[in-house]
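The sequence and the structure are shown first, and the description follows.

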Amino acid sequence: MESLRRQSLAQTTANHLRAGFASGHWRGLLPGVRTLAAEIGVSKDTVRAALQLLEADGTLKPQGSGKNRQ
């Protein structure tokens, strides 16, 4: 039997964001880190790590420091 692989909170948050994109919850520019953290119920650091994962896999386009992501 294959063992289950645990996901980090950042990976779980990234998956939640992907599901939100797929459902149309977030369109165009993504809200800021503080807004997302409050909406999802995780820390700002967790949201930042999740956004970095999404940028690394090409799901999001970075816009530079202080700018909302697309």
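## Overall architecture

From the N terminus on, the elements of the protein follow the order α-α-α. The secondary structure amounts to three helices and zero strands. The model discussed here is a predicted one.

Of the 70 residues of the protein, 26% count as buried. Among contacts with a separation of 6 or more, 50% are made by residues 24 or more positions apart.

## Packing of α1 against α3

The axes of α1 and α3 come within 8 Å of each other, with a crossing angle of roughly 65 degrees. That angle makes α1 roughly perpendicular to α3, since the range counted as roughly perpendicular is 65 to 115 degrees. The handedness of the α1 and α3 crossing is right-handed.

On the α1 side, the residues that meet α3 are Leu9, Ala10, Gln11, Thr13, Ala14, Leu17, Arg18 and Phe21. Their partners in α3 are Thr46, Ala49, Ala50, Leu51, Leu53 and Leu54. By class, ten nonpolar, three polar and one charged residues make up this contact of α1 with α3.

## Packing of α2 against α3

Helix α2 spans residues 33–40 and helix α3 spans residues 44–56. The axes of α2 and α3 come within 9 Å and cross at roughly 110 degrees. The two helices, α2 and α3, are therefore roughly perpendicular to each other.

Val33, Arg34, Leu36 and Ala37 represent α2 in this contact, and they meet Lys44, Val47, Arg48 and Leu51 of α3. The contact of α2 with α3 comprises five nonpolar, no polar and three charged residues.

## The nonpolar core

The largest nonpolar core has 13 residues. Within this core, Leu17, Leu30, Leu36, Val47, Leu51 and Leu54 touch the most other members. The elements that supply two or more residues to the core are α1 (9–23), α2 and α3. Helix α3 gives the most, with four residues.

Threonine 13 lies in helix α1 and threonine 46 in helix α3. Are these residues buried or exposed? Threonine 13 has a relative accessibility of 4% and so counts as buried. Threonine 46, at 13% relative accessibility, also counts as buried, because the cut-off for a buried residue is under 20%.

Leaving out residues up to four places away in sequence, threonine 13 touches Ile40, Val42, Thr46 and Ala50. With that exclusion, threonine 46 touches Leu9, Ala10 and Thr13.

## Lysine 44 and valine 33

Lysine 44 is located in helix α3. Its relative accessibility of 36% means that lysine 44 counts as partly exposed. Apart from neighbours within four places in sequence, lysine 44 is in contact with Val33, Arg34 and Ala37. Lysine 44 and glycine 32 are twelve residues apart in sequence, and their C-alpha atoms are 9.7 Å apart in space.

Valine 33, one of the contacts of lysine 44, is placed in helix α2. At 18% relative accessibility, valine 33 counts as buried. Valine 33 and arginine 48 are 15 residues apart along the chain, and their C-alpha atoms are separated by 6.8 Å.

Terms used:
Residues numbered from 1 in each chain as written. Predicted model: local features only at pLDDT ≥ 70, side-chain atom pairs only at ≥ 80, totals over all residues. Heavy atoms only, no water. Axes fitted to C-alpha atoms, helices over the stretch in contact; angles between N-to-C directions. Parallel < 35°, antiparallel > 145°, perpendicular 65-115°, else oblique. Contact = heavy atoms within 4.5 Å. Nonpolar A, V, L, I, M, F, W, Y, C, P; charged D, E, K, R; others polar. Core = buried A, V, L, I, M, F, W, Y, C linked by side-chain atoms within 4.5 Å. Buried < 20%, exposed > 50% of the residue type's maximum accessible area, 1.4 Å probe, protein only. Left-handed = near helix turned anticlockwise from the far one by under 90°.
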